[in-house]
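User: I'm new to reading protein models and would like a close look at a single part of this one. Could you walk me through it in plain words?

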Amino acid sequence: MTGAALLCLVAGAALVVQNALMGAIVARGTGLTGALLCNSLVGLSLLGLVEVWRSGPAFPLRLAERAEPWFLVPGLLGTLVVAASLYGYRQQGATVTVALVVAGQLTAGIAGDAMGLTGRKGGLGPETWIGAALLVGGAVLILRGRGPA
């Protein structure tokens, strides 16, 4: 297993813990947006400190000089992912939420790779399609096994 694969597995597990903790923050009366704001502020502060250590205190100016309006889109998409996951955990549990998020990621990932948007070279082999079918089939089984909410 490569370092990248291991990191992705750890990140996937971390998302489950993150959402469970954020659910506890919501239960303390902060609301969904309060938990999201806490999550974002901690991440932003940590990244800011790392970048000041790495590049020096002038990095915000360098970033501002290069910034374009579309630079906001990844942050908006990231907030959507975290908000949808947190909402999903509270409404339908971790298993169903993770299955649906992964199915959406897989679909978009295959499309992105097929169109060359991700920098991947070459076509998608049969293993990709078989693996995707198994993953989607697993998501369907998980959803069916849960019954109506």
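Analyst: Let's begin with disulfides: a search of the whole structure turns up 0 of them. A disulfide, by the way, is a covalent bond joining the sulfur atoms of two cysteines. Two cysteines are still worth a glance. Cys-8 counts as exposed because its relative accessible area is 57%, and the cut-off for exposed is over 50%. Cys-38 comes out at 37% relative accessibility, so that one is called partly exposed.

Keep in mind that this is a predicted model. The average pLDDT of the protein is 88, and 97% of the residues score at least 70.

Now for the part I'd zoom in on, helix α1. This helix covers residues 3-55 and has the highest mean pLDDT among the elements, 92, while helix α4 (residues 126-146) has the lowest, 85. Where does α1 bend? Look at Gly-29: there α1 bends by about 130 degrees. Just after the helix comes another glycine to spot, Gly-56, which takes a positive phi of about 100 degrees.

Which residues of α1 are buried? They are Asn-19, Met-22, Gly-23, Val-26, Ala-35, Leu-36 and Glu-51.

Ser-85 lies in helix α3, and leaving aside residues up to four places away in sequence, Ser-85 touches Asn-19, Thr-97 and Val-101. Asn-19 is one of the buried residues of α1. Ser-85 is buried too, because its relative accessible area is 9% and anything under 20% counts as buried.

One last stop is the aromatic rings, where the count comes to 1 aromatic pair. That pair is Trp-70 with Phe-71, arranged edge-to-face, at 4.6 Å centre to centre and with 80 degrees between the planes. Trp-70 has 54% relative accessibility, so it counts as exposed. Phe-71, at 34%, is partly exposed.

Terms used: Residues numbered from 1 in each chain as written. Predicted model: local features only at pLDDT ≥ 70, side-chain atom pairs only at ≥ 80, totals over all residues. Heavy atoms only, no water. pLDDT = per-residue confidence, 0-100. Helix = DSSP H or I, 4+ residues; strand = E, 2+ residues; numbered from the N terminus. Bend = angle between axes of the 7 residues up to and from the residue. Buried < 20%, exposed > 50% of the residue type's maximum accessible area, 1.4 Å probe, protein only. Phe/Tyr/Trp six-rings, centres within 6.5 Å; stacked < 30°, edge-to-face > 60°. Disulfide = S-S within 2.5 Å. Contact = heavy atoms within 4.5 Å.
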